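Colleague: I would like to go through the labels on this model one by one. For each, tell me the value and the cut-off behind it.

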Amino acid sequence: MENDLAIVTGASSGIGAALTRRLAATGRPVVAVARRDAPLAELSDSHPSVIPCPADVADTAGQAAIIAAAADRPVSLLIQNAGVLEPVGPLVEQSPDALRQALAINLEAPIALTRALVGQMPAGARILHVSSGAAHRALPGWGAYCISKAGLHMAYQILRQELADRDIAVGSVRPGVVDTPMQALIRAQTQEDFPAVERFRALKAMGELTSAEDAAAFIEAVVNLRDTLRFSEEEWDIREHSPVTG
């Protein structure tokens, strides 16, 4: 299946870019999906097996572009990494449009892409959701993010059961607190909007953030697990399971 496509969403920076580079370094064709053209062009320039796909995962035109980039080829790996933190602030102060957009990107898009691509996924294919501790813990100011990631975690649990008969494994991974542009956005918040902001500033100051490269290496190891049941039966947390073997 090494010649089948891998698809990585949110590939323009952070974990997504690092993971795309790792997968493409093996010569595997990787459809790299993100809204920004320039970072995707840089990835494809340095890794010929990268297929750039500028697209917004949250709208139908973007989803159509991803399907077109896959071009009816077998897709043996789909990594649902795209996600947004905003809107940040008290939940009751967020506009309906802002909440809908967060849910569209973080929750609805992974379900839509799975629905659109599952017909191209051969037996033995894998889908991986990039989750967060926020899926399991309520953080004031992160209402939209916590709710959408909690929904994504439930989607993983449902899909892993519903797709088992097709021999398509669905997994979930928590990469930890990673030094990405999202973390920079977190540190820029006011304490009024995000009461826990000082904790995240301290993690950066003390050098305790995981690098995007280390997070990508962890995710790649999870994806490459030989045991399908082990891949999908529980969510992988980098703080508990690293290093991953077998």
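Colleague: What makes the pair serine 76 and arginine 28 a polar contact?

Modeller: Their side chains are joined at 2.6 Å. A polar contact is a pair of N or O atoms within 3.5 Å; within protein, one must be able to donate a hydrogen and the other to accept it, and residues adjacent in sequence count only if both atoms are side-chain atoms. This is a predicted model, in which local features need pLDDT of at least 70 and side-chain atom pairs count only at pLDDT 80 or more, while totals for chains, interfaces and linings use all residues. Residues are numbered from 1 along each chain as its sequence is written, and side-chain values use heavy atoms, with hydrogens and water left out.

Colleague: Why is serine 76 called buried?

Modeller: Its relative accessible area is 5%, and buried means under 20% (exposed is over 50%, partly exposed in between; 1.4 Å probe, protein chains only). Serine 76 therefore counts as buried. Serine 76 is found in strand β4; helices (H or I, at least four residues) and strands (E, at least two) are DSSP runs, numbered from the N terminus.

Colleague: Is alanine 135 buried or exposed, and how do you know?

Modeller: Alanine 135 has 13% relative accessibility, so it counts as buried. Its place is in the loop between β5 and α5. Leaving aside neighbours within four places in sequence, alanine 135 is in contact (heavy atoms within 4.5 Å) with Cys146, Lys149, Ala150 and His153.

Colleague: What makes glutamate 233 partly exposed?

Modeller: The relative accessible area of glutamate 233 is 43%, so the value falls between the buried and exposed limits. Glutamate 233 lies in the loop between α9 and β7. Not counting residues up to four places away in sequence, glutamate 233 touches Tyr156 and Arg160. From glutamate 233 to glutamine 157 the C-alpha separation is 8.7 Å, across 76 residues of sequence.

Colleague: Why are the buried residues of α7 said to be on the same side of that helix?

Modeller: The residues are Val197, Phe200 and Leu203. They cover an arc of only 120° around the axis, which puts them on the same side of α7; the arc is that of the directions from the helix axis to the C-beta atoms. Their cover includes α6. Just after α7, glycine 207 takes a positive phi of about 70°.

Colleague: Which helix is described as mostly covered?

Modeller: That is α1, residues 14-24, where nine of eleven residues are buried. Among them are Ile15, Leu19 and Leu23.

Colleague: What makes a set of residues a nonpolar core?

Modeller: The members are buried Ala, Val, Leu, Ile, Met, Phe, Trp, Tyr and Cys residues joined through side-chain atoms within 4.5 Å. The largest one here has 33 residues, of which Leu23, Ile79, Leu128, Ile219 and Val222 touch the most other members. Its largest share, seven residues, comes from α8. A second, separate core of 26 residues includes Cys53, Ala55, Ala109 and Leu163.

Colleague: How do α3 and α4 cross?

Modeller: Their axes come within 11 Å and cross at roughly 35°. Axes are lines fitted to C-alpha atoms, for helices over the stretch in contact, and angles run from 0 to 180 degrees between N-to-C directions. The contact is made by Gln63, Ile66, Ile67 and Ala70 of α3 and Ala109, Ala112, Leu113, Ala116 and Leu117 of α4.
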